[in-house]
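The sequence and structure are shown first, and the description follows.

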Amino acid sequence: MSGPTKSMGVITVVALVLTTAYTVALGSHGLLWFGWVVLGLVTLGMAAADSVPPKAPRAGRPHGPTS
């Protein structure tokens with residue numbers, strides 16, 4: 001995993017802990033849980049995109065003057 005993906009994973013786990021603590025202390029708030037689910041899906045998407053190997057560069061037209 002790359003650095004940004006690891007950072008996003010840490011942020012997601014911290015958000016889960018904070019959302020759970022808020023729920024225990026003050027009661028459930030649906031918008032917080034919805035936000036955490038969205039954050040989790042974005043993190044999963046980043047991890048999935050990070051695990052795909054890059055494509056080989058395509059052979060393009062040669063640069064320079066044409067005759």
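Gly45 is found in helix α2, where helices (H or I, at least four residues) and strands (E, at least two) are DSSP runs numbered from the N terminus. Gly45 is partly exposed, with a relative accessible area of 38%; buried means under 20% relative accessible area, exposed over 50%, and partly exposed in between, using a 1.4 Å probe and protein chains only. The C-alpha atom of Gly45 is separated by 9.6 Å from that of Thr5, which is 40 residues away along the chain.

The model is predicted: local features need pLDDT of at least 70, side-chain atom pairs count only at pLDDT 80 or more, and totals for chains, interfaces and linings use all residues. Residues are numbered from 1 along each chain as its sequence is written, and side-chain values use heavy atoms, with hydrogens and water left out.

Ala47 also lies in helix α2 and is partly exposed, at a relative accessible area of 27%. Thr12, by contrast, belongs to helix α1 and is buried, with a relative accessible area of 8%. Leaving aside residues up to four places away in sequence, Thr12 touches Trp36, Leu39, Gly40 and Thr43, contact meaning heavy atoms within 4.5 Å. The table lists C-alpha to C-alpha distances.

| Residue pair | Separation in sequence | C-alpha distance |
|---|---|---|
| Gly45 and Thr5 | 40 residues | 9.6 Å |
| Thr12 and Thr43 | 31 residues | 7.3 Å |
| Ala47 and Pro4 | 43 residues | 9.7 Å |

The protein contains 2 helices and 0 strands. Helix α1 covers residues 3-26 and helix α2 residues 30-51; they pack at an angle of about 160 degrees, with their axes 10 Å apart. Axes are lines fitted to C-alpha atoms, for helices over the stretch in contact, and angles run from 0 to 180 degrees between N-to-C directions. The angle therefore makes α1 roughly antiparallel to α2, a term used for angles over 145 degrees.

Residues of α1 that meet α2 include Met8, Ile11 and Leu16, and those on the α2 side include Trp33, Val42 and Met46. The residues of this contact divide into 13 nonpolar, 8 polar and 1 charged. Here Ala, Val, Leu, Ile, Met, Phe, Trp, Tyr, Cys and Pro count as nonpolar, Asp, Glu, Lys and Arg as charged, and the others, Gly among them, as polar.

Of the 67 residues of the protein, 9% count as buried.

Methods:
Parallel < 35°, antiparallel > 145°, perpendicular 65-115°, else oblique.
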